[in-house]
Amino acid sequence: MRYFIIFNPGSRNGRARGQLHRIKHFFSSHNLPYHLAVTLNLDHALRLSTSANRFGYDVIIASGGDGTINSVLNGFYDNNGKRLSRAKMGIIYTGTSPDFCKSYHIPYRRIDDALQVILQGKTTHIQIGKIKLATSFVGGKTRVEKDDPDFTTRYFGCCVNVGLGAELARYANSGIRKICGDTIGTFLSLLKTLSSYNPSAYTIHRDGKPVEISNLYNLSIGKTYHIASGIKVHSCLEEGDGRFYNLLVRDVNPRNFPLCMKSIYSGRPIENSNAVSLEYTKEIEIESPGRACEVEFDGDPRGYLPCHIEMAEDMLDLITEENYGR
């Protein structure tokens, strides 16, 4: 069993660097053959993961935050949704917003617990979302174009956000969470973003059927219970059923604002209303409203509309706690 560790020294504002010796000592003391590579940035993490898959490593480990996890995850897939290898993916979490780890029962509070889970090597098969989106604002293109160089294919494990999600993530990642903590910092970022955000109208194709949505603040397309720091979605999805939930927040005003916040933070079943609604789909395409609208997934802004979302063809082998279940 050969391990490839992709370590981000900049996660948790650089404090992750202090965990490097502990990780090396653990693998050496257990006589586990490993190679450790330190990332320069998230694109570098993606390239390292792709190389590790192609060179036949058995376990490829992301050591960092949600951005590192997503970059390493992307290195497991080609542009058609097929796995590059049969490697397992492991996680040693050293970030600040552990939504991926919470969703898949991966230890994130103590690094020793995460290392023990990797040593045990218990895996679960999870479906991964595939998104094709514009790499920059492409004025005049309202639909995703096949083999167009303006578009790229990426993958996500938790959730895509269209609308205010990218602006919210950018502000939350700018430093407020370091001051106020993960949940409170994200909530304050949400309040700030809402106060200045101008909702738009979108054309959304759900399983090929178009629908016009006006005054939309945010659309979340995901598969996990935890989608952002403290925000939770209670859905009826089961692993492997090939569906995403579509959580829509629209027509927000002072009267329905408390209900909106309760719906997305309580984690309880959502009662559909004019402001918040939950639906399900296997495939979704979102057309650009005619202005630069960013798309965020797994914690960071990644591109622009239009985008097309479906499940990757192959599932991912993820190392989790032995009692994993949802």
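## A tour of selected sites

Select Asn256, which is buried, with a relative accessible area of 15% (buried means under 20% relative accessible area, exposed over 50%, partly exposed in between, with a 1.4 Å probe and protein chains only). Asn256 sits in the loop between β13 (244-250) and α8 (257-265). Helices (H or I, at least four residues) and strands (E, at least two) are DSSP runs, numbered from the N terminus.

Before moving on, note that this is a predicted model, where local features need pLDDT of at least 70, side-chain atom pairs count only at pLDDT 80 or more, and totals for chains, interfaces and linings use all residues. Residues are numbered from 1 along each chain as its sequence is written, and side-chain values use heavy atoms, with hydrogens and water left out.

Stay on Asn256. Its side chain reaches the backbone oxygen of Asp251 at 2.8 Å. That is a polar contact (a pair of N or O atoms within 3.5 Å; within protein, one must be able to donate a hydrogen and the other to accept it, and residues adjacent in sequence count only if both atoms are side-chain atoms). Setting aside residues up to four places away in sequence, Asn256 touches Asp251 and Ala275. Contact means heavy atoms within 4.5 Å.

Select Asp314, in the loop between β17 (300-311) and β18. Asp314 counts as buried, at 15% relative accessibility. A polar atom of its side chain lies 2.8 Å from the backbone nitrogen of Arg83. Beyond its neighbours within four places in sequence, Asp314 is in contact with Tyr77, Gly81, Lys82 and Arg83.

Now select Asp317, in strand β18 (residues 316-319). Is Asp317 buried or exposed? Asp317 is buried, with a relative accessible area of 9%. Show its side chain. It makes a polar contact with the side chain of His125 (2.4 Å). Another polar contact joins the side chains of Asp317 and Arg83 (3.5 Å). Not counting residues up to four places away in sequence, Asp317 touches several residues, including Arg86, Ala87 and Met89.

**Helix pairs**

Two packed helices are described by the angle between their axes and the distance between the axes. Axes are lines fitted to C-alpha atoms, for helices over the stretch in contact, and angles run from 0 to 180 degrees between N-to-C directions.

Select α2 (residues 42-54) and α3 (residues 66-74). Their axes come within 7 Å and cross at roughly 35 degrees. Colour the contact: Leu42, Ala45, Leu46 and Ser49 of α2, with Gly67, Thr68, Ser71, Val72 and Asn74 of α3. By class, this contact has 4 nonpolar, 5 polar and no charged residues. Ala, Val, Leu, Ile, Met, Phe, Trp, Tyr, Cys and Pro count as nonpolar, Asp, Glu, Lys and Arg as charged, and the others, Gly among them, as polar.

Move to α1 (residues 20-29) and α5 (residues 111-120), whose axes come within 11 Å and cross at roughly 30 degrees. The contact includes Phe26 and Phe27 of α1 and Leu115 and Leu119 of α5. Its residues divide into 7 nonpolar, 1 polar and 2 charged.

**Last stop: cysteines**

How many disulfides does a search of the whole structure find? It finds 0 (a disulfide is a pair of cysteine sulfur atoms within 2.5 Å). Select Cys159, which is buried at 1% relative accessible area. Its sulfur is 7.8 Å from the closest cysteine sulfur, in Cys158, too far for a bond. Finish at Cys236, partly exposed at 47% relative accessibility.
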